[in-house]
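I opened a notebook page for this structure.

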Amino acid sequence: MAVAEKGLEKDAAAEPAQGGERRPTVIADDVHIVYRVYGGARGRGSATAALSRILRRKPGGNVREVHAVKGVTFTAYRGEAIGLIGSNGSGKSTLLRAIAGLLPVERGRVYTDGQPSLLGVNAALMNDLTGERNVILGGLAMGMTKTQIEERYQDIVDFSGINEKGDFISLPMRTYSSGMAARLRFSIAAAKDHDVLMIDEALATGDKRFQKRSEARIRELRKEAGTVFLVSHNNKSIRDTCNRVLWLEHGELRMDGPTDEVLKEYEEFTRK
Ligand SMILES: Nc1ncnc2c1ncn2[C@@H]1O[C@H](COP(=O)(O)OP(=O)(O)OP(=O)(O)O)[C@@H](O)[C@H]1O
């Protein structure tokens with residue numbers, strides 16, 4: 001793994017979750033991410049008007065840029081569970097997608113140890129297939145062997161709680177509620193010991209009991225020496241699972257430090 005040379009001094013404050021040598025898993029070095037929206041301006045009207053606008057479009061014209069992440073720098077280490085907080089539209093999901101390699105960075109660099117798994121996006125599940133087939137598909141997509149999946153199959157189903165109210169696992173996923181689908185996705189992703197697991201609001205979709213189970217699993221994944229990123233608007237979930245928090249506001253990293261310290265400032269900020 002390449003290691004960025006500059007811009008990392010501010011992370012010196014982050015303590016290792018466990019003793020011993022700290023091993024970096026993700027390094028973001030002055031990361032900028034820009035979305036380009038084509039034809040974003042004056043986009044209303046009939047299809048005829050839209051077609052004539054498209055035909056008139058000059059190369060490079062009518063493009064609006066959204067600078068979603070602005071110069072974010074941090075280093076994540078093994079054994080850390082890092083919460084990502086900030087107002088709506090502050091750039092949390094965008095940053096995770098870039099770390100997962102799903103979005104290009106405009107400037108700066110992202111270095112990762114292994115392939116980070118972004119829960120919900122990397123889990124390539126198919127709505128028309130049964131939950132059962134999707135467990136196998138999701139497992140294979142994460143690089144597990146068929147035998148490994150078979151060994152863990154029952155645990156995944158039990159963890160998801162999908163079958164608690166009947167035999168739902170043999171029904172197509174399109175028949176699941178959004179909460180049930182999110183639970184199955186989380187259960188599949190959490191069945192593997194990831195180097196870097198990134199969870200975007202997944203905990204918010206499950207019910208209280210499932211939230212508790214998934215928080216416990218996140219703590220376990222941390223112990224198994226991986227790094228977990230959790231995006232959430234639920235400060236309690238962040239407090240219960242994360243040892244460190246990155247607070248983004250308007251695409252900028254406003255604070256990076258121990259959970260209690262950052263949440264205290266954030267709660268004061270959101271009370272205003
Ligand atoms: N596909 C896209 N195209 C253009 N702009 C986008 C796109 N996705 C997000 N944005 C913009 O990027 C900025 C950051 O969005 P992002 O979804 O990363 O925020 P977030 O912190 O995850 O928000 P939330 O808490 O509401 O989920 C916002 O201004 C948003 O409008």
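**Entry 1**

I began with Ala 28 and found its bridge partner in E4, Val 110. This is a predicted model, and I read every entry below with that in mind. E1 and E4 run antiparallel and are joined by five bridges. I then looked up the sheet they belong to. It is an open sheet of three strands, ordered E2-E1-E4, and the pairing is antiparallel. E2 and strand E4 (107-112) are the edge strands, and each of them pairs on one side only.

**Entry 1: the six-stranded sheet**

Next I traced the other open sheet. Six strands form it in the order E5-E6-E7-E3-E8-E9, with mixed pairing. Which strands stand at the edges? I found strand E5 (117-119) and strand E9 (252-258) there, each with a single partner strand, so one side of each has no neighbour in the sheet. Neighbouring strands of this sheet are turned by 20 degrees against each other on average, again with direction ignored.

E5 pairs with strand E6 (residues 196-200) in the parallel sense, over three bridges. Leu 118 has Met 198 of E6 as its bridge partner.

I then looked for a helix lying on this sheet. Helix H7 (residues 208-223) lies across strand E3 (81-85), E6 and strand E7 (227-231). Its run makes an angle of about 150 degrees with E7.

I turned to helix pairs. Two packed helices are described by the angle between their axes and the distance between the axes. I looked up both for each pair.

The axes of helix H3 (residues 131-141) and H4 come within 10 Å and cross at roughly 125 degrees. That angle makes H3 oblique to H4. The crossing of H3 past H4 is right-handed. I listed the contact residues: Val 135, Ile 136 and Gly 139 from H3, and Ile 149, Tyr 153, Ile 156 and Val 157 from H4. Sorted by class, this contact of H3 with H4 has six nonpolar residues, one polar and no charged.

**Entry 2: H4 on H5**

I followed H4 to its contact with H5. The axes of helix H4 (residues 146-160) and helix H5 (residues 178-190) come within 8 Å, crossing at roughly 140 degrees. H4 and H5 are therefore oblique to each other. H4 passes H5 in a right-handed crossing. On the H4 side I found Ile 156, Phe 159 and Ser 160. On the H5 side I found Arg 183, Leu 184, Ser 187 and Ile 188. The classes in the contact of H4 with H5 are four nonpolar, two polar and one charged.

**Entry 3: the ligand shell**

Last, I looked at what surrounds the ligand. The shell is Tyr 35, Val 37, Val 66, Ala 68, Gly 86, Asn 88, Gly 89, Ser 90, Gly 91, Lys 92, Ser 93 and Thr 94. Strand E1 (24-38), strand E2 (63-77) and helix H2 (92-99) are the elements that give two or more residues to it. Which element gives the largest share? I found that H2 does, with three residues. By class, I noted four nonpolar, seven polar and one charged residues in the shell around the ligand.

Notes
Residues numbered from 1 in each chain as written. Predicted model: local features only at pLDDT ≥ 70, side-chain atom pairs only at ≥ 80, totals over all residues. Axes fitted to C-alpha atoms, helices over the stretch in contact; angles between N-to-C directions. Helix = DSSP H or I, 4+ residues; strand = E, 2+ residues; numbered from the N terminus. Parallel < 35°, antiparallel > 145°, perpendicular 65-115°, else oblique. Left-handed = near helix turned anticlockwise from the far one by under 90°. Contact = placed C-beta atoms within 7 Å. Nonpolar A, V, L, I, M, F, W, Y, C, P; charged D, E, K, R; others polar. Near = placed C-beta within 6 Å. Pairing = 2+ DSSP bridges.
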